[in-house]
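Welcome! Here is a friendly briefing to read alongside the structure. Take a moment to look it over, and then follow the points below.

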Amino acid sequence: MASREASQAPLEFGGPLGVTAMLILLPATMFHLLLAARSGPARLLALPAYLPGLEELWSPRALLLLFIWLGLQVALYLLPARKVAEGLELKDKSRLRYPINGFQALVLTALLVGLGVSVGLPLGALPGMLLPLAFATTLTSFIFSLLLYAKALVAPASALAPGGNSGNSVYDFFLGRELNPRLGSFDFKYFCELRPGLIGWVFINLALLMQEAELRGSPSLAMWLVNGFQLLYVGDALWYEESVLTTMDIIHDGFGFMLVFGDLAWVPFTYSLQAQFLLYHPQPLGLPMALLICLIKAVGYYIFRGANSQKNTFRKNPSDPSVAGLSHLLPYFYLLYFTALLVHREARDEQQCLRKYGRAWQEYCKRVPYRIIPYVY
């Protein structure tokens, strides 16, 4: 019954044809961005100045480095956790258990990398390996996704994801057939969601900062800000790691190529584009502007963290006293009333001005086309 319901679910991303295109376009887009960031003009919509050959993309050294990185993160995942959390209830009424030790993994990784750098680890050479590393990660993502698809073929119906059981092999390979593929207690999707890619992003940024210091004597202020802001984002995600258990990725999406490639390849190699761009295209940034940027960041982070904490609390327990009142419309009557009032009044003013000024008002409207919110209304 579960399989039939899943197969009748509406197909996403344009169905089999759409996901077939995405299997090609997602890796191609990632490599285009990597090449554009290091090119002279760095134009997003222009073709790269050159296309690397297979000899530039394939590197056994890069593949070995990737496996060492994944092995390190697996080992850190398996360490004793400060907390073990239960996920949301599954279709069979069971709940899976997850180790909450992502922030611990970040700190231990930083200590190990710092120790390595102190004894001569050439972290600053990492930016020169981004293309072969991205190629190795993409290849690994395809192979890993095939193994996950094969594993899902023998999984019970209760373990299948709602959307990745369509009966079309390409579509299910992309979306992922199994909801929570595990080997013993090791959860592949949960591990990949926040560990190798997000933590890898931080250290790619750090390597770019170190290479800029080697090239120009010291990192630029802009590079420091990019590293700091993005480290805050990753640190926040790992500190509040338990919150990921209520997200769509965990509770709804199967673990197929979409998430595998997104977690392992797309995140570290495209989210680090700002730092890559700054390495090849340095941007001057004065202290007053940097302080203003930090202020905006602080306000944005306050809103981001508050909203995500409320969302997670509501998903786990809508009756929680801290969020129970958020479903009520009554406190927002003032906002809704004045929004309707002002929109209605603007429409009345529009008609009155048209009658009063005629063609002059029509000319004004051509020059000022938006009534209240630019580019919206």
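Accessible areas come from the Shrake-Rupley method, which uses a 1.4 Å probe. By that method the protein exposes about 21,300 Å², and carbon and sulfur atoms supply 68% of this area. Please keep in mind that this is a predicted model.

**Overall build**
- The protein contains 16 helices and four strands.
- Its C-alpha trace spans about 75 × 60 × 45 Å along the principal axes.
- Of its 377 residues, 40% count as buried.
- If you take the contacts between residues at least 6 apart in sequence, 76% of them join residues at least 24 apart.

**How confident is the prediction?**
- The mean pLDDT of the protein is 90, and 95% of the residues reach 70 or more.
- Confidence is highest in helix α6 (residues 130-152), with a mean of 97.
- Helix α1 (residues 2-7) is where confidence is lowest, at a mean of 40.
- Over residues 1-7, pLDDT stays under 50, and the model has eight contacts beyond four places in sequence for this stretch.
- Where pLDDT is low, the predicted coordinates should not be read in detail.

**Aromatic rings**
- The structure holds 21 aromatic pairs.
- One of them joins Phe173 and Phe257, whose rings are stacked, at 6.0 Å centre to centre and with 20 degrees between the planes.
- Phe173 belongs to helix α7 (residues 169-175) and Phe257 to helix α12 (residues 257-270), so this pair ties together parts that are 84 residues apart in sequence.
- Are Phe173 and Phe257 buried or exposed? Both of these residues are buried.

**A nonpolar patch on the surface**
- Which residues form the nonpolar patch on the surface? They are Met289, Leu292, Leu295, Ile296, Val299, Tyr302 and Ile303.
- Together, these patch residues have about 760 Å² of accessible area.
- Ile303, one of the patch residues, is found in helix α14 (residues 287-316).
- Why does Ile303 count as exposed? Its relative accessibility is 54%, and exposed means over 50%.

Note on methods: Residues are numbered from 1 along each chain as its sequence is written. This is a predicted model: local features need pLDDT of at least 70, side-chain atom pairs count only at pLDDT 80 or more; totals for chains, interfaces and linings use all residues. Side-chain values use heavy atoms; hydrogens and water are left out. pLDDT is the predictor's confidence in each residue, from 0 to 100. Helices (H or I, at least four residues) and strands (E, at least two) are DSSP runs, numbered from the N terminus. Contact means heavy atoms within 4.5 Å. Patches are made of residues with over 30% relative accessible area and no salt bridge: like charges are joined within 9 Å, nonpolar side chains (Val, Leu, Ile, Met, Phe, Trp, Tyr) within 5 Å. A salt bridge is a side-chain nitrogen of Lys or Arg within 4 Å of a carboxyl oxygen of Asp or Glu. Buried means under 20% relative accessible area, exposed over 50%, partly exposed in between (1.4 Å probe, protein chains only). Rings of Phe, Tyr and Trp (its six-membered ring) pair if their centres lie within 6.5 Å; planes under 30 degrees apart count as stacked, over 60 as edge-to-face and the rest as tilted.
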